[in-house]
Amino acid sequence: MSNKEEFEKISKQSMDLLINATLKRHGINLNTKPQLSDEDRAELRSLIEGLKQNVESLTNITKK
Amino acid sequence: MSSRVWKGETPVLADNRGGYAYAPQKFNALDPNCAHPWDFCSGDETQEADQTTKSVQASFESIVIKDSCDVEVITTDTQAAINLQVALQAAIQLVISISIASSDQAEVLTQELTQKLINKQVNRQQTYIENSRGVKVTTTDTDLAVNVQVLLQVLLALVARLDIL
């Protein structure tokens, strides 16, 4: 496994641990899933995709 | 009210940390008998100060190009990066508030998750180009770039964990 892949795996794992621990500490029950309409889900998906693209292109923004 | 100082008592000064101020004697690093003023503080107070410093966000960049031609400067758009950071924090709060009924709890959770991870120190960049031709300079605000990447990771992990999509 390359260093980059290994780093990404560890990073994801630590992020998951942090979120799980934080949610547990606040006593949040994860068994009940939020009721969202298909429209809401599509909107949320599009928002997340947009943010992902923005983060990727951030370092390529050029100011002259 | 009568003054105790006029009665010949030594005035006792209290600092804002609830302890006593030892400031009158100037610290001298070369004097082995001179204790550093912070030596009087306990470990908890040091941690408090550290945590407060972490929330500082500032980025200053100045680019000066003088008597030059064919100069290309590529830099991180700080304002765009900060806007993106705010948008990511809002999205995290949105995802949490969708999943958790209590809005107070949602806000506390968002703050806890984002403030723990965002690590920003004051970033100062100064670029000065004078009497140059055909120069290309690339600068990056690493702190901001890392912050948005980490926030995106939190958002994606949350969406996966809460099984929203």
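1. Two residues are taken to be in contact if their C-beta atoms, placed from the backbone, lie within 7 Å. On that basis, and leaving aside neighbours within four places in sequence, A:Val55 is in contact with B:Leu84, B:Val148, B:Gln149 and B:Leu152. The structure is a predicted model, and the points below should be read accordingly.

2. A:Val55 belongs to helix α2 of chain A. Is this residue buried or exposed? A residue counts as buried if 20 or more other C-beta atoms lie within 10 Å of its own; A:Val55 has 22 such atoms and is therefore buried.

3. The contact between the two chains involves 27 residues of chain A and 35 residues of chain B. On the chain A side, the elements that give two or more residues are α1 (3-25) and α2 (38-57). The largest share, 9 residues, comes from α2(A). Sorted by class, the side of chain A that touches chain B comprises 13 nonpolar, 7 polar and 7 charged residues.

4. Which elements give two or more residues to the largest nonpolar core? This core has 24 residues, and those with the most contacts inside it are B:Leu88, B:Ile92, B:Val148, B:Leu151, B:Val154 and B:Leu155. The contributing elements are α2 of chain A together with α2 (78-99), α3 (103-117) and α4 (142-162) of chain B. Of these, α4(B) supplies the largest share, 9 residues. B:Val148, listed among the core residues with the most contacts, is also one of the contacts of A:Val55.

5. Apart from neighbours within four places in sequence, B:Leu151 is in contact with B:Gln85, B:Leu88, B:Gln89, B:Ile92 and B:Thr114. Among these partners, B:Leu88 and B:Ile92 are themselves listed with the most contacts inside the core.

6. Chain B contains 4 helices and 4 strands, which follow the pattern α-β-β-α-α-β-β-α along the sequence. Of its 165 residues, 18% count as buried. Among contacts in chain B with a separation of 6 or more, 64% join residues 24 or more positions apart.

7. Helix α1(A) has 23 residues and reaches 33 Å from its first C-alpha to its last, close to the 33 Å expected at 1.5 Å a residue. Why is α1(A) described as lying largely in the open? The number of its 23 residues that are buried is 2, so the helix lies largely in the open. Just after α1(A), A:Gly27 takes a positive phi of about 65°.

Key
Residues are numbered from 1 along each chain as its sequence is written. Chains are lettered from A and ligands numbered from 1 in the order in which they are written. This is a predicted model: local features need pLDDT of at least 70, side-chain atom pairs count only at pLDDT 80 or more; totals for chains, interfaces and linings use all residues. Ala, Val, Leu, Ile, Met, Phe, Trp, Tyr, Cys and Pro count as nonpolar, Asp, Glu, Lys and Arg as charged, and the others, Gly among them, as polar. A nonpolar core is a set of buried Ala, Val, Leu, Ile, Met, Phe, Trp, Tyr and Cys residues joined through C-beta atoms within 7 Å. A residue is buried if 20 or more other C-beta atoms lie within 10 Å of its own, exposed if 12 or fewer, and partly exposed in between; C-beta atoms are placed from the backbone. The expected span of a helix is 1.5 Å times one less than its number of residues.
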